[in-house]
Amino acid sequence: MNMDRKLDFIIGEDKNLAQLLNASEALMLLDGALRAGACGAEITDSSGVLLAGRGVESPHTVRRIISVEGEPSGTVAVSALAPGSTVEGIADMLHAALQTLINGAMKRMLTSEAHTTIVNQSYDELLETNRRLGVSEQQFRELAATLEIKVRERTEELNRAYAVMLQKEKLAAIGGLAAGMAHEINNPIGFVTSNLHTLAKYAAKLKEMLEFYRLTCEPAIPEDLARQVENRWRELKIAFVFTDIDGLVKQSLDGAERVQKLVADMKGFSHVDEAGPTSTDINLELEQTLSVLQHEIRQGTIINRDFGQLPKVFLNPSLLSQAFLQIIQNALQLKTPNLTIVLKTCQQGDNVLVHIADNGPGIPSDIRDRIFEPFFTTKDVGQGTGMGLTVADQAIQACGGNIAITCPPDGGTVFTVSIPTGGTPL
Amino acid sequence: MIEFDEQAKKLVVKLVYYGPALSGKTTNLLTLHDQLCNEGRGDLMVLDTVDDRTIFFDLLPLFYVAPSGFRIKLKVFTVPGQVRHDATRKAVLQRADGIVFVADSQKGQMGNNAESFANLEKNLAVVGLDIDKVPLVIQFNKRDLPDVISEDDVQATWGPTGLPLVMASALNGYGVVETYSQILTLAFDALDARLELTSRFGVERADFVSSVTRISV
């Protein structure tokens with residue numbers, strides 16, 4: 001606000017006699033002087049300009065200086081036919097009256113001009129204050145209206161960020177654990193496998209030696225002893241032992257191999273050795289995820305794989321396996337009898353599609369939009385965190401893809417994970 | 001300054017007596033009016049008041065003609081001290097050439113003095129005057145009263161500012177003309193620096209100051 005512009009009247013601005021002298025009032029005084037005996041009276045300013053005059057001039061003229069704020073600013077002249085105290089007296093009276101008139105005018109002007117200036121200035125300041133108050137009131141209103149929404153938005157943002165952080169921590173913990181376990185399990189499994197092979201060889205040698213004894217020594221021993229040997233052979237079911245040894249060893253080796261594979265899959269699943277995106281085989285990720293979930297697959301559950309030929313995709317595999325884990329785990333927890341889960345992969349245009357279908361009861365349409373919301377769960381309190389599918393959704397989004405849910409009319413739920421191949425398959 | 005007309009060889013100068021309510025600004029002007037010689041001195045204009053409190057301002061005009069013919073009209077104003085008249089104070093302060101800050105010496109009045117001085121600083125900025133450059137004299141008035149702050153305390157507080165300090169009792173007539181001639185000297189120097197009054201217009205400071213401070217006998 002420019003105060004200089006508003007204060008256009010300067011208090012104390014100089015006024016000249018013409019501005020201060022009211023002509024009609026002055027003329028009344030001059031008329032009075034003429035009636036008192038003067039033949040002429042006139043008022044001139046300091047440069048000799050006539051401001052008011054009555055009657056005629058004569059040689060017998062007396063003059064009085066009119067001052068404005070101490071400054072000589074004009075003259076009042078009174079003429080008479082003869083000199084003397086009369087004309088002097090008239091001049092003194094006229095001068096005093098004029099001086100009073102001028103001082104009064106001065107005071108009135110100062111008062112009214114100052115008043116007007118101050119009132120205008122105050123009014124302008126009030127208008128400005130009012131305008132500023134209006135602006136800030138508007139801002140406060142807007143703030144108040146949007147505050148609730150903003151708080152809600154921020155809270156959701158925080159919740160999401162918290163969930164992601166939690167999941168990352170979890171993943172890191174699993175990764176660390178898997179790496180440690182893999183190391184600890186691989187060593188004993190290694191020598192168990194090796195020893196089993198050796199044990200099989202030793203068993204074969206023992207079997208050969210026993211059969212050698214039976215075939216070559218039996219005719220030479222006495223009949224009584226031979227019968228005892230035969231009885232003992234049957235009692236100890238040596239014939240069965242011979243046939244079963246190979247089976248046992250083979251089963252044990254299979255078991256050890258499975259343990260080795262599980263450890264390798266867990267390590268692969270956690271991607272503890274990798275950081276950031278890499279060229280990823282999506283079918284392999286699914287296979288590893290299933291392997292990790294093996295213990296959660298209940299008796300009687302059927303898993304059908306229908307894996308198509310897929311290009312390798314450049315992405316962060318730990319995100320992908322995390323998403324698959326959550327979706328498949330979700331399906332495995334269904335209490336449907338004869339639960340069947342179908343995993344189907346295929347390429348469609350620039351996307352790799354992964355269908356994970358179950359034959360469960362499906363998801364009611366009114367909550368279908370909400371299942372990816374953080375903390376949304378249909379499970380009992382304490383059973384589910386409501387974070388599983390949220391994490392899956394965020395992980396797939398981080399890979400540049402999305403998850404769609406459909407519930408076919410004949411029952412079940414299909415999660416379709418769509419991941420862009422990135423244009424150029426790696 | 002209010003007006004400077006080189007052609008007409010005329011300068012109109014404004015001095016303002018500022019300060020808290022009831023510190024004696026009007027009394028300063030009344031005393032000046034009484035003590036100064038009436039030659040060249042105009043009438044004291046005390047604008048309408050309520051309960052003897054200034055609501056607009058008071059004005060004491062003085063007129064000086066230098067030997068060179070250059071004319072200077074001096075207008076000495078007071079401002080209303082009451083907080084509510086801030087708009088009037090701003091209007092009066094506009095284009096001031098010198099300011100006398102009339103402080104109340106009574107011990108209980110230091111808060112009001114400080115508040116008023118802060119208000120002066122604020123309003124000077126509003127009307128575009130620099131407090132570090134505008135001629136300023138501090139007068140501690142009412143020295144005649146019993147319970148006043150000691151002169152040493154005043155010096156200790158205000159001395160470091162370098163501003164001229166005058167002890168006065170406007171009611172008893174001392175320190176008033178001294179204050180007035182101090183501010184006149186400072187204001188003249190400031191104007192001379194800007195307008196070259198002495199070298200270009202033949203106005204001598206000593207003659208000017210002695211002429212407008214002449215005491216009536």
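Before I start: two strands count as paired if DSSP finds at least two bridges between them. I also note that this is a predicted model.

Entry one, the sheet. In what order do the five strands of the open sheet lie? I read the order 6-8-9-11-10 in chain A, with mixed pairing. I then looked for the edges. They are strand 6 (302-307) and strand 10 (402-406) of chain A, and each pairs on one side only. From one strand to the next, I get an average twist of 15°.

Entry two, one pair of strands. I checked strand 10 and strand 11 (residues 413-420) of chain A. They run antiparallel, and five bridges join them. I picked out Ala404(A), which stands opposite Thr416(A) in strand 11 of chain A.

Helix 7 (residues 282-292) of chain A touches strand 6, strand 8 (340-348) and strand 9 (351-358) of chain A. Its direction makes about 165° with that of strand 8 of chain A. Helix 8 of chain A also packs on the sheet, touching strand 8, strand 9 and strand 11 of chain A. Helix 8 makes about 20° with the direction of strand 9 of chain A.

I looked at helix 8 (residues 317-332) and helix 10 (residues 388-398) of chain A. They pack at about 150°, with axes 8 Å apart. The crossing is left-handed. In helix 8 the contact residues include Leu319(A) and Ile327(A); in helix 10 they include Val391(A) and Ala395(A). I sorted the residues of this contact: nine are nonpolar, five polar and none charged.

Terms used: Residues numbered from 1 in each chain as written. Chains lettered and ligands numbered in written order. Predicted model: local features only at pLDDT ≥ 70, side-chain atom pairs only at ≥ 80, totals over all residues. Axes fitted to C-alpha atoms, helices over the stretch in contact; angles between N-to-C directions. Helix = DSSP H or I, 4+ residues; strand = E, 2+ residues; numbered from the N terminus. Left-handed = near helix turned anticlockwise from the far one by under 90°. Contact = placed C-beta atoms within 7 Å. Nonpolar A, V, L, I, M, F, W, Y, C, P; charged D, E, K, R; others polar.
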